[in-house]
Amino acid sequence: MAAEYVATMYVLFLFIFFPVLNLGTCGLRAFFLWFACNQATMLAAKAKTFNTLVYVPEPSGTPYPGAYATARARAAQIRSMFPGVDWTTNATNPEVRIIRAVIPGSGAPAVADVIGPNTLGLGNIPDVDQYVCTIRVTINGQVTPLIPVPWFNIQGLSSPMFLTVSSEAQFENPPGLQF
Amino acid sequence: MNERRIRNQKGAAVTGLVIALFMFIMLAGFFAFDSSRLQMAQRELTATCDAASLAGTAMLTSLDIANDDATASKLGTAQAQACAYARNMFQNGNMLGRSLGSANVVSPYSAVSTIGNPGDCNVMISLADPQQQFIGVAPVFPDRLNGRAIMCYAGYTYNPVFLGVIGVGKVLLQANSGGGLPQVDAVLVFDYSGSMDDATNVTFIRRTWDSTVAASGGASAGRTDYSVFTSANAVQDGSSGAPQSTTNGVVHYIEVPPPGVSHRMSDYIQFDYVAQPNGFPLNVLPPQSLPTADHTNSMAANKYVFDYNLRANSLLWHPTIPKVGSPLARFQKDYGTPPGNCTLEYPFGYGKFYSESAAAPTFGTMTIAAGATGNTAYNPNAPFAGSLIATEHPRTIATSFRYPAYVNTGADQHIFTDLVVNIANPGSWPYAQPLNGPTNFVGFSNFQFPSQEPDPALAGQTFSFENIGVLTEAARGNLDIDGTENFFTNALLDRGSVYSTTSGTIASKQPTGMTAAHRAANYQKAYQRLAMLYSQPIATAIDGAYGGFFQKINTLTDCRFGFVGFSNADQSVANPSGPNYTSQGSGHNLAADQPNSFFTSAQYNGRGIGSMYRSTKFTAPEYTTAIAGGAGSGFRQPRRALVKSESQNASYSGVVGGLQSSTVNAYCAPWSALAGVANANGLENGTPMADTATAEALKTARSMFHNGASYDIATLSNNRPAAKHAIVFFTDGVPNASDAGPTLTEAQGCKGEGIAVFTIGLDVTNNPVLQGSQVSFLGNLPSGLAGASGNGGKFFPCASASTVRDSFSAVARRLTQGQR
């Protein structure tokens, strides 16, 4: 029976407990990854500009660095809070995208998304009667299992799982998107 | 046995495995359940904080903080109410299906972090200073002045449902949120059209010479004006009647009654608002445009007629007459020219007091006759040494000449010379609008302006307005003491004067009691200040714009303001169609039905106002010739450009002017104090004029957002990118057809520039025609200004003056709501 238990425990831990633990860890960390993305979006949506630092009031009030920087900083902050959540940072990861969705019935033409750090540009003020302006943050990241297994490569089970998460929220100051 | 036991134990490991798996999965499920629930609770707590802080901040923008006292007690009350509102909003929230109604309101902040029993919630609502990284602000003066945001901090004790079994205890969830400090850059476009004072209670006065009354006081030696009167009812040629006695004749003020009970100016002349929804250009303060009383759309059976022949000095606006430094300068003052309050104008005047080098009516060089220089030229008490000019002394009375008659019937009853506001004691500072004067003027004495009165010439000073005689002379300026000029004597008021408050009942005339002792510095200014406060609906509208918009925005946001007063298009600049960021004067009264504006000195408050007397209705030179030496060319409309670089306080003070005594400086004051100062561009520096020239005004307002280094939304350096850009357009009318199209074009231009146009349409006449026109012109459809501008612009109709502040508050609320 002892032998049987040893075998059972072996099966239990090797094939069930650790894999489930790794998968569960990955799931939890995937949630943290999404959480970082979501929090980045929520904060970015409240920004006053898209990629310009302003102070309210000028010149030394509360700094508002813009949606692009705010989203990336917030995402990085949350990443630092949770080990095992990571992504390669570059200009478009996390990606902060301006989406102008046409309001049905407005008759406005569809327009292309703008991806940060680009802004809409001076003079390109979205008409809020025709478009719903939203910020979408997308992160191409990875979450690592609790116990890496070097012998074989199954994402989420034995090696980091690559994920793309995104979140979207309405931007509160649409004219600020031109800056 | 042993084998059996062994056999029986076969599969036990599988059972254990299954049990272990079951436990493992169950624990994982419990963990997942509690984690999800924890996350949900966190989100609900955050959302509740968001809702509470936003609601509190929104409430703060909704409460009245206008005309606050020195310790900002109104603001303190508003902040307390806003915090209470935020707390209520929080306690109306739910957490995990349970009400937060029993949430503990705690203080200080550390108490929020206290772990209590499962389900306990602690909340703290506080003021914060958005300018200082949202640090807390104590609700006491002066700290409260910086408390522009409502913060909500909350702590919730979460008790895991399952994980408690494995030793995971209570968890404290925390959240906080605060209403942000919005940036607002707004330009107010404010209507100073002639209709903005139509609802003022006024009295029409016929000021005339009464030769039946014995003079008194200073009426001593002097010659008889033998041009003159032989009866109380008519101006007669001296040759046809007996010369007057030197001891007879005083000024008589006769109330010209309205057709009904109401003394509202529009009721006086029974104006037809259906035919002309925009009202009429007759004004209670300069420019009064008194000849417009007999407006085409006046429905009075006998129209009220201003007789310019009975009003003094029209001729004396001639450009050859020096404005200062000459005895003739006194002509520019609005003395009543006795006798008979008649003009010197040929052929109705009495040319005994001067001679002309050229034949009349060419109006050549005018000089005082010899021997008269020591006295007022037209003073009948002065010795006469000039030569009579025959043509100026017609022996027959022109049929078109209106007499200063006392006749109680027919059209003559409606002849008037003065229009005065039924002022009253406005109470203590701050004056509470709406102030409506009494239906019938009630004299009052010893009114002392509050010490907070922004006009330093009036603050603390005492004035009396005992009857319509005093009121009229105060309005004319004849009770002023101004240097060496003696208006009182020149107007022959030293002979005594009488008044009648019921038209035609000469017997009821009573002495006015005016003596030289009545004179005081700034008497006219005092009248004008009180008249301004009692001018409706403009006084209430100004108060509404000030308290409902400017004060609120200034208190609760980081803001810059621009201001565009409008009425008539500015004709004095190179570009009459605008934009004009400053206004030296509007060339008004050019239209045939808007003749000149009587009763304002060319040197009104020290400022030449140029061609304000222009008119095409009357062809005499005094109406069509610009006043020489006038620095301006008409009444100014206050305008102040939006400037990014100036401080918020400077911007605010510049547009609110003297509405707030603490903001008075060289550039802002009530118009009564600084109307002549070029930089006086506050709300109170405008006065109703005539037209509703909206296109130039809106173009100017829009251009203030494209004004180079001052402000330019097309550049980052000259812009405030985080600011909400808005134009608030207030009017009590609609433009004429030619103006409507260009105005709409400007609003459409705002759409692509992110500028919202909020429109406020006031109708104090309950006129469905006007209301319909305003909905169309100002409304939310693409054909209306608000709708055309997009960007969240909205139209707010106002059915009464008292709701103007509510509408301005609604606009302010829309501009100030935000979240950090």
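Biologist: What are the ground rules?

Modeller: This is a predicted model, in which local features need pLDDT of at least 70, side-chain atom pairs count only at pLDDT 80 or more, and totals for chains, interfaces and linings use all residues. Residues are numbered from 1 along each chain as its sequence is written, chains are lettered from A and ligands numbered from 1 in the order written, and side-chain values use heavy atoms, with hydrogens and water left out.

Biologist: What makes B:Asp185 buried?

Modeller: Buried means under 20% relative accessible area, exposed over 50%, and partly exposed in between (1.4 Å probe, protein chains only). B:Asp185 has a relative accessible area of 0%, so the residue is buried. B:Asp185 sits in strand E8 (residues 183-191) of chain B. Helices (H or I, at least four residues) and strands (E, at least two) are DSSP runs, numbered from the N terminus.

Biologist: Which residues are in contact with B:Asp185, leaving aside neighbours within four places in sequence?

Modeller: Contact means heavy atoms within 4.5 Å. The partners of B:Asp185 include B:Cys559, B:Arg560, B:Leu642, B:Phe705 and B:Arg720.

Biologist: How do you know that B:Arg560 makes a polar contact with B:Asp185?

Modeller: A polar contact is a pair of N or O atoms within 3.5 Å; within protein, one must be able to donate a hydrogen and the other to accept it, and residues adjacent in sequence count only if both atoms are side-chain atoms. Here the backbone nitrogen of B:Arg560 is 3.4 Å from a polar atom of the B:Asp185 side chain.

Biologist: Why is the pair B:Asp558 and B:Arg720 called a salt bridge?

Modeller: The rule asks for a side-chain nitrogen of Lys or Arg within 4 Å of a carboxyl oxygen of Asp or Glu. For B:Asp558 and B:Arg720, the closest N and O atoms are 3.0 Å apart, and the pair forms a salt bridge. B:Asp558 lies in strand E20 (residues 558-566) and B:Arg720 in the loop between helix H12 (694-703) and strand E22 (723-731) of chain B, so the pair ties together parts 162 residues apart in sequence. B:Asp558 counts as buried at 2% relative accessibility. B:Arg720 counts as buried at 0%. Salt bridges that share partners join B:Asp185, B:Asp558, B:Arg560 and B:Arg720 into one network.

Biologist: Which other salt bridges can you show?

Modeller: B:Glu646 pairs with B:Arg640, with closest N and O atoms 3.0 Å apart, and both residues are buried. In chain A, A:Arg79 forms a salt bridge with A:Asp86 at 3.3 Å between the closest N and O atoms. A:Asp86 has a relative accessible area of 37%, so A:Asp86 is partly exposed. Over all chains, the structure holds 15 salt bridges.

Biologist: What makes helix H10 of chain B mostly covered?

Modeller: In H10 (residues 648-656), 7 of its 9 residues are buried. Among them are B:Tyr652, B:Val655 and B:Val656. The buried residues of H10 pack against helix H8 (538-556), E20 and strand E21 (639-640) of chain B.

Biologist: What makes a set of residues a nonpolar core?

Modeller: Its members are buried Ala, Val, Leu, Ile, Met, Phe, Trp, Tyr and Cys residues, joined through side-chain atoms within 4.5 Å. The largest such core has 55 residues; B:Phe204, B:Tyr304, B:Ile423, B:Phe465 and B:Tyr527 touch the most other members. Helix H7 (523-533) of chain B is one of the elements that give two or more residues. H7 supplies the largest share of this core, 7 residues. A second, separate core of 36 residues includes B:Ala186, B:Met196, B:Phe550 and B:Phe563.

Biologist: How much area do chain B and chain A bury between them?

Modeller: About 3,200 Å², 60% of it on carbon and sulfur atoms. Buried area is the accessible area (1.4 Å probe) that two parts lose on being put together, summed over both. The contact takes 39 residues from each of chain B and chain A.

Biologist: How many salt bridges cross this interface?

Modeller: The rule finds 1 between chain B and chain A. B:Lys751 pairs with A:Asp127, with the closest N and O atoms 3.2 Å apart.
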